[in-house]
Amino acid sequence: MSFARPARCVFCSFSRGVSAGTRVPSRQFHPSPTQFTDRKPRFANFKARDGKTLEELSRNMKPEHFQPYTEKEKTALKEEYTPSQLAAIEAGEAAIDPKDMAEQFALRKDPMRLHYIDDFSTIEPGVDKHVRAPKSNSDYNATLKTDEDFIDDFARFFAELPSEATAADWVRFTETLRLTRGKEENELNPHSALVPDLFSPGESLSGKTKLAEVFETAEESFGRKEEITEAMKRLVQSTGYTPLQIASLSTKVLVSHSVVNQTRLGKVRRMYCLSIAGNGNGLLGIGEAKSEEASDAVTQSKYRAIRNMQPIPRYESRTIFGDVKGKVGAVELRLMTRPPGFGLRCQHLIYEMCRAAGIHDLAARVDRSRNPMNTVKAAYEALMSQRNPEDIARARGRKMVDVRKVYYSGRY
Amino acid sequence: MSLVNLAHVCSHLNNATRVRLGITSIPNTLLHLQLCHALQHSGYISSVVRGGPTPPPQHTLLDVPTANDEDKGVEMLTQSNVASQRLWVGLKYWQSQPVLGKMVMVSKPTRRVTIRASELRNVILGADIGYVDGVRSPGESIYLSTDRGIMEARDCVRNKVGGLVLCRVL
């Protein structure tokens with residue numbers, strides 16, 4: 001301790017102020033805020049040895065881990081759910097044996113298991129198959145109402161009749177009275193072998209269509225009436241994504257410049273845009289557009305990029321399978337696979353593409369020309385030209401394990 | 001060991017797979033035969049059969065000429081026909097793409113490249129050693145001429161032998 005410093009209270013030595021260095025440097029030569037060594041981390045420290053892998057978790061799962069709800073948990077649930085919902089939850093919990101639960105929770109080891117972990121509750125357009133609405137409204141379990149049912153209906157009608165009843169009430173009742181039990185659509189709009197109508201509901205010769213339900217629900221979920229353009233509507237219809245999902249995709253304009261068409265009337269200037277779109281989890285697409293308006297070109301190219309999104313093979317969801325080459329015009333580039341934690345050591349255009357696609361470890365080298373537009377196209381071509389080890393194994397007639405172990409040998 | 005002829009074989013196989021030939025022939029030498037056996041062992045080619053200037057007859061069931069065909073047999077090697085003998089190589093394709101993607105010579109007739117087993121290990125792990133680039137792509141192989149015959153690089157590492165690096169198959 002320096003003698004030049006004044007004496008301090010003994011208890012003060014426990015406070016932060018006694019550290020030898022000045023708390024706030026008098027001069028800062030950089031704009032980033034000062035980091036104190038004794039500052040509290042934002043997240044609690046977590047040791048690797050305390051952690052458990054998903055496999056370990058599932059392997060050590062025992063029936064004791066699936067206990068019924070405690071009183072405290074039940075009171076917490078009561079705040080969220082109605083008594084009938086709570087009863088349904090409890091009935092569901094009671095219906096499953098904890099032993100079965102422990103067995104089902106474990107990762108499968110049988111030969112028919114899937115070789116990846118996936119969430120099957122969500123449908124990813126472009127990767128999964130389209131979900132289509134049921135083709136008919138048919139309800140094969142529908143039955144005609146019996147006399148007792150009709151008596152019940154009439155009894156309910158008279159019981160709910162307002163004090164000053166009119167003929168209109170009776171007409172409404174007879175019109176809405178159903179003759180069958182089962183799905184309502186089965187009776188109102190049954191399956192027919194006749195030729196379908198020329199127009200679907202809400203459609204007319206003038207081409208006016210009713211807004212699809214997708215847009216309405218999206219507006220509700222946004223919580224505000226956001227204007228949905230015609231282009232957005234077409235994008236939603238062609239891709240199958242909801243506007244909310246589209247908003248969550250990462251899109252970026254990588255190249256934009258003006259182009260000129262020389263006609264006999266003069267030069268016609270237009271904006272050119274090249275954008276990429278990705279979901280950060282293996283989907284990537286590029287889109288180009290030209291327009292008189294710069295903003296129009298941006299939106300068009302972004303929407304085209306979203307339409308062109310394709311799954312990109314990724315090794316361990318972080319890097320690529322082997323070194324790949326791409327060539328467009330005079331741009332020749334090489335993308336190289338790298339070990340975990342390597343990062344994206346490549347130029348900005350390829351960096352943005354990797355970020356959008358969810359590739360985290362990659363090195364790239366752009367030889368010859370470095371034209372931005374062709375670089376993006378060549379990088380996309382290279383990413384799509386990856387060879388799948390499973391295909392190689394099938395083609396060569398050698399076992400997959402051999403190929404994997406040999407080619408990656410525990411290092412990459 | 002003529003690397004000139006081996007280079008011709010590499011180019012010829014590249015050309016043959018590009019035009020999607022089912023079967024092609026290469027000069028009959030011990031080096032070519034051993035290399036073809038190594039390629040067949042790795043699954044790059046379907047069959048290797050010695051035959052005359054015309055393709056040998058196909059196996060009744062397999063639709064490719066085979067060396068152990070009991071029905072048709074393989075032509076006897078005599079002094080009078082040894083000069084006209086060729087190796088007939090059956091090429092493989094998967095989903096319209098050749099399985100034998102591209103063969104590139106590593107050693108050249110003017111520059112023979114040898115490698116030790118310890119160095120070869122690093123090549124297999126993806127590092128570049130001297131004139132030999134690392135094996136980084138899936139489905140890539142290097143073939144070496146060793147004192148135990150022609151072997152794949154990984155087999156060499158397993159058996160701890162080095163040798164002359166012949167060619168690389170992508």
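Strands E4(A) and E5(A) form a hairpin with four residues between them. In the turn, A:Gly280 has a positive phi of about 70 degrees. This is a predicted model: local features need pLDDT of at least 70, side-chain atom pairs count only at pLDDT 80 or more, and totals for chains, interfaces and linings use all residues. Residues are numbered from 1 along each chain as its sequence is written, while chains are lettered from A and ligands numbered from 1 in the order in which they are written.

Strands here are DSSP runs of type E with at least two residues; helices are runs of H or I with at least four, and both are numbered from the N terminus. Two strands pair if DSSP finds at least two bridges between them. E5(A) takes part in both pairings below.

| Strands | Sense | Bridges | Facing residues |
|---|---|---|---|
| E4(A) (residues 266-278) and E5(A) (residues 283-291) | antiparallel | eight | A:Ala277 and A:Gly285 |
| E5(A) and E6(A) (residues 310-311) | antiparallel | two | A:Leu283 and A:Pro311 |

Now the contact between the chains. Chain A gives 19 residues and chain B gives 14 residues. Two residues are in contact if their C-beta atoms, placed from the backbone, lie within 7 Å. On the chain A side, helices H14 (389-396) and H15 (400-408) each give two or more residues. H14(A) supplies the largest share, six residues.

Chain B has four helices and 10 strands. Along the sequence, chain B reads α-β-α-β-β-β-β-β-β-α-β-β-α-β. Among its contacts between residues at least 6 apart in sequence, 60% join residues at least 24 apart.
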